[in-house]
Amino acid sequence: MPSWQDFQPFIVAGLALGGVYALSGVGMVVLYRTTGVLNLAFGAVGAMGAFIAWSLINSLHWPSGIAYLVCVAFGAVVTLLYGVLFGPPLAGRDPLVKAAATLGLALILLGTMSWVWSDKARSMTLPTTDHGFEVGTVLINWTQIIALALGVLVTATTAVFLRRTGLGTAMRALANDREITAALGVPVRRVEAATWLVSGALAGVAGLLLSNLVGLDAATLTFLVISSLAATLIARLRSLVMTFVAGIVIGLVNAMVTPFFSISQYRDMAPFVLAIVALLFLSRHEQISFARRSE
Amino acid sequence: MRRTGLIIALTLALAASMTLAACGGGGGTSDSTNKAAAPAAAPKCGAGTGQKATGTPIKLGGIATKQPGTDFTDIPNAAKAFFDCVNDNGGIKGHPIQYVIETEQTDPGQIASLAKKLVETEKVVGIVGNTSLIECAVNHTYYEKQGFYIVDSGIAPECYSTPNSAAVNMGPRYSVDGATQYLLRQGVKKVVLDQSNVPGTGYIEGGFLLIAKSAGVPTASLKDNVPIQDANSIALKLVQAAGSNGGVVLNFTPPEALKILQAAQRQGLQNRVKWACSTPCNTDFLSDALGSQWNDKLGVNAELNLTSASGPDSQLYRAVLKRYAPKIPLGSFSQMGFVEASILTKALLSVSGDYTAKNVNEAIKNVKNFQTDILCKPWYYGSAPLHIPNNTDRTVTPKDGKMVEKEGCFPISDVDPAIAQVRQIEAKG
Amino acid sequence: MRRLAITLALLLVVLLVLPPLLSSYWIDVLTAVAIYSVVALGLGLLMGRVGLVSLGQIAVLALGAWIAAKLDFATSIPFPVVLLLTGLITMVLGTLVGLPALRLSGLYLALITLMLAGAITVVLTATQFPNGGPGFLSHTESSFGSAAIRRPGIATSDPAYFRYTVIVAALMFALAWWHVRSRPGRAWAAIRQSEPAALAAGVNLTFYKLWAWALASFMTGVAGGLLASHVGKLYTIQFPTSDSITLLAVVLMGGIYSPWGAVVAGALMKLLPALLDSWGLPADLLIILFGVGVLQVLLTAPAGIAGQLPQDLARLGRAISGRVRRPPPTPQPPSPPARKGETVR
């Protein structure tokens with residue numbers, strides 16, 4: 001049994017990863033609530049952004065700050081393009097169809113990444129990763145701090161934004177009923193486009209952070225979306241705060257199981273098991289369904 | 001409607017891939033070798049006549065893993081580069097070598113079918129350059145039935161425990177042995193092995209446990225799922241498991257090992273324990289990515305000589321890659337392909353009759369005392385229930401972005417029973 | 001009736017004419033196609049007939065292969081019985097898992113099955129793939145453990161095993177067809193049209209949903225049994241969670257309404273990679289192609305029409321069938337799915 005002292009660094013690592021899961025989860029929930037699309041390409045978009053940033057820095061020798069911006073911009077633009085092109089034709093369809101369509105985008109991006117960047121292993125280090133400070137015996141780097149802080153910040157800002165601003169109100173209205181909202185004169189397409197853009201930018205940010213916290217690897221980053229997905233499922237794709245909490249818990253459980261050697265190998269199950277248990281527990285008295293417009 | 005959808009999708013895909021090709025293209029080839037200006041004298045391989053071979057071709061084949069995250073095709077591609085050089089130098093008594101490379105995605109069904117394709121459809125007369133996570137395990141009985149003697153780069157246990165496979169490397173188990181021996185010489189009080197959770201972990205840890213036990217040092221053997229998603233936690237776990245004055249042996253592919261080592265560096269753990277690594281870490285890309293903070297702090301077991309070594313074979317190796325495969329980076333992978341192709345060339349030149357599968361495989365089996373400065377000891381095949389011809393190697397360490405030698409050739413401990421068995425076979429001649 | 005005759009004739013061609021024509025490489029590839037067609041059939045049945053989407057079918061396949069391997073090693077019962085038992089045990093396990101999961105519907109069901117598949121993959125990786133060692137979970141490196149999983153006595157050679165696999169697959173297709181044509185098929189159709197209406201008409205929703213789930217698990221389990229003996233060795237890396245997503249893609253592309261869609265899906269998953277390889281094209285292209293295929297398939301269905309997913313999907317299955325079922329010409333003799341597809345419609 002590891003001592004409390006031994007545990008502390010794992011808590012730091014877990015909080016940092018949890019922060020990114022939460023950040024990604026919030027990006028997915030906002031998009032889902034506004035457009036009804038669960039974006040399964042969230043991880044792939046961020047991963048591709050990170051790879052492009054790597055190439056800009058290492059092949060074209062761009063300043064790294066600009067490359068990071070390009071990464072975020074790539075996430076925003078690709079997600080927006082997808083939303084503008086494929087959002088409207090799929091708008092009236094079942095949520096499952098919309099989600100499956102984003103799988104198509106994820107596969108296209110994944111295939112392209114492993115085609116272009118599979119020749120050798122790569123790594124990218126943010127300047128914040130190299131600097132840190134010690135708390136007791138634990139070394140904490142700034143990327144970890146940024147990850148957690150961004151997780152909190154994005155959750156809080158989004159929640160306030162949805163409540164207090166005109167666009168936010170429009171988004172919430174859209175979440176309830178697209179057609180009635182449109183009839184009320186809300187520019188539906190423009191509101192949706194804004195959501196796609198913001199969600200995509202979050203995907204870019206998450207990709208950049210994860211490439212540092214986890215590693216620059218196409219398949220890993222693409223399928224890491226499953227951990228964030230688990231967080232959004234625990235929150236029933238509704239509550240932002242719940243998504244945040246779930247993301248942090250998943251990150252923490254994953255990290256804190258690591259020093260127990262006997263079960264350490266099973267720690268990757270954490271998001272799956274938590275999501276399964278939560279879903280089954282929440283649905284014990286009812287049928288959860290995505291039947292359109294019945295919420 | 002449907003037409004538009006298709007066009008939109010295609011355009012998106014196309015635009016995406018084009019942007020990327022533009023950004024990503026230049027990434028792979030920044031090695032010092034490729035910058036050379038004047039073309040040096042054409043390298044001499046095989047017969048060394050300088051004449052292009054024009055006879056009926058001799059067909060060889062190889063199977064390598066190529067999938068996202070795991071790409072071993074540098075090995076057969078380097079072998080192909082050497083064969084191209086042989087073909088430009090008179091070939092095998094005038095016959096050029098035609099080399100067929102098949103790639104697989106660790107699907108046993110596919111791997112089994114590819115071996116049949118090479119032997120029965122392509123009708124290759126020899127198989128060389130195989131490098132795969134599971135190929136030896138899947139195909140060794142087939143090769144035994146067909147009478148094929150394979151010269152490969154081994155990973156699976158069956159590459160080192162069956163009569164029809166001889167590798168130029170020593171594989172994960174014996175390389176982990178060597179890394180463990182290095183740590184014990186450094187005087188560590190406990191050794192921890194962490195390896196990727198892929199088929200064969202129980203086999204790989206076997207030698208590690210025996211060697212540490214015979215030295216009276218406590219052990220911990222851990223496994224982590226790849227691809228690694230929480231490198232920070234893993235690095236912490238390993239350091240805590242090793243304790244003070246402990247040592248850690250990593251057995252991962254380069255990108256995964258890099259994740260752990262970088263995570264250790266981020267958390268200031270590179271001095272807390274002694275770090276060691278099995279062969280895969282021996283690439284300049286890893287030492288480059290690690291930077292000077294790891295100078296002399298990581299012992300990497302190296303089954304092959306440094307790529308910058310000065311022996312004649314090392315010089316030929318660099319010249320062949322530069323001329324025939326400038327895109328393949330210098331590293332242990334391309335060295336293995338080079339050595340395997342050299343062995344095959346020697347075997348083919350010794351064939352007296354027709355180049356049939358039977359004659360060629362007999363010649364491969366009869367290779368002995370194959371000398372090269374890329375290996376510590378001469379390489380051999382021969383009839384034996386198992387082959388580990390490479391059982392003496394070095395330790396290297398990163399220094400300012402390059403790998404340099406830390407320990408010269410040393411024998412892998414015969415505490416590991418298979419090594420003891422091989423030494424007996426060698427003693428008998 | 002004519003259709004049945006054509007199907008049988010094609011089956012005979014596949015069984016008798018193809019094996020002597022093809023090299024053992026393509027025989028192996030087509031065996032894999034037949035096995036994965038059965039997996040695709042299971043998922044197609046769930047999606048097209050009942051409107052349930054599972055993203056965990058590859059995990060079920062792994063479960064089936066695992067059970068079959070254990071039965072093959074531990075007992076000497078005849079191979080057909082092993083297949084049957086494997087199917088039944090997988091069915092029971094699948095149903096046990098499905099029982100709570102079926103309370104959910106639509107997207108939630110798809111995602112919870114994805115989570116379950118992820119969890120199963122982690123267990124399989126942690127234990128290595130269990131082989132001939134003792135106990136249900138154990139993996140041994142010993143020679144017994146690494147011995148090949150046996151094949152049926154009458155089908156030890158590759159062409160014979162190919163024929164065996166095709167016959168078992170054909171039986172599975174017949175089983176599915178029989179279900180669709182009889183009482184459960186009508187109940188499923190009612191559920192797919194409208195759950196409340198089906199309920200009002202006295203259809204036991206849970207029972208028939210579970211039935212479909214059990215049937216799909218049974219067929220996937222049998223496919224796992226065939227897969228275990230195909231190569232004789234099993235590895236965890238054969239069953240990545242991401243393959244469940246690829247499977248969804250190919251099943252959508254193949255078309256979920258017609259059983260031929262399952263054959264096309266199997267070919268997309270196992271024959272197309274071999275073809276790309278023999279043309280010297282990179283395997284990554286395949287993933288991109290599947291992505292484009294999914295988007296294309298989902299977009300071709302008329303947008304904005306109210307109705308449930310299965311109806312949509314069924315319609316688009318029909319809409320794309322003509323397009324997808326014309327695979328490009330191949331250097332080898334044309335694949336059986338291509339011929340079949342063209343003849344039927």
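Mentor: Two residues are in contact if their C-beta atoms, placed from the backbone, lie within 7 Å. This is a predicted model, in which local features need pLDDT of at least 70 and side-chain atom pairs count only at pLDDT 80 or more, while totals for chains, interfaces and linings use all residues. Residues are numbered from 1 along each chain as its sequence is written, and chains are lettered from A in the order in which they are written.

Trainee: Which helix gives the most to the side of chain B that touches chain C?

Mentor: Here 28 residues of chain B are in contact with 26 residues of chain C. Two or more residues each come from H1 (2–24), H3 (108–121), H4 (135–146) and H6 (201–214) of chain B; helices (H or I, at least four residues) and strands (E, at least two) are DSSP runs, numbered from the N terminus. With eight residues, the greatest contributor is H3(B).

Trainee: How many residues of the side of chain C that touches chain A are nonpolar?

Mentor: In this interface 39 residues of chain C are in contact with 44 residues of chain A, and H5(C) gives the most to the chain C side, with 13 residues. Ala, Val, Leu, Ile, Met, Phe, Trp, Tyr, Cys and Pro count as nonpolar, Asp, Glu, Lys and Arg as charged, and the others, Gly among them, as polar. Beside seven polar and three charged residues, the nonpolar number is 29.

Trainee: Over which residues of chain B does pLDDT stay under 50?

Mentor: pLDDT is the predictor's confidence in each residue, from 0 to 100. Chain B averages 86, and 90% of its residues score at least 70. Where pLDDT is low, the predicted coordinates should not be read in detail. In chain B the stretch under 50 is residues 1–39.

Trainee: Which strands stand at the edges of the open sheet of seven strands in chain B?

Mentor: The order is S8-S7-S9-S10-S11-S12-S13, with mixed pairing; two strands pair if DSSP finds at least two bridges between them. Each edge strand has a single partner strand, so one side of each is left without a neighbour in the sheet. The edge strands are S8 (219–224) and S13 (402–411) of chain B.

Trainee: What is the bridge partner of B:Val300 in S12(B)?

Mentor: S11 (residues 298–302) and S12 (residues 392–399) of chain B pair in the antiparallel sense over three bridges. In S12(B), the partner of B:Val300 is B:Val396.
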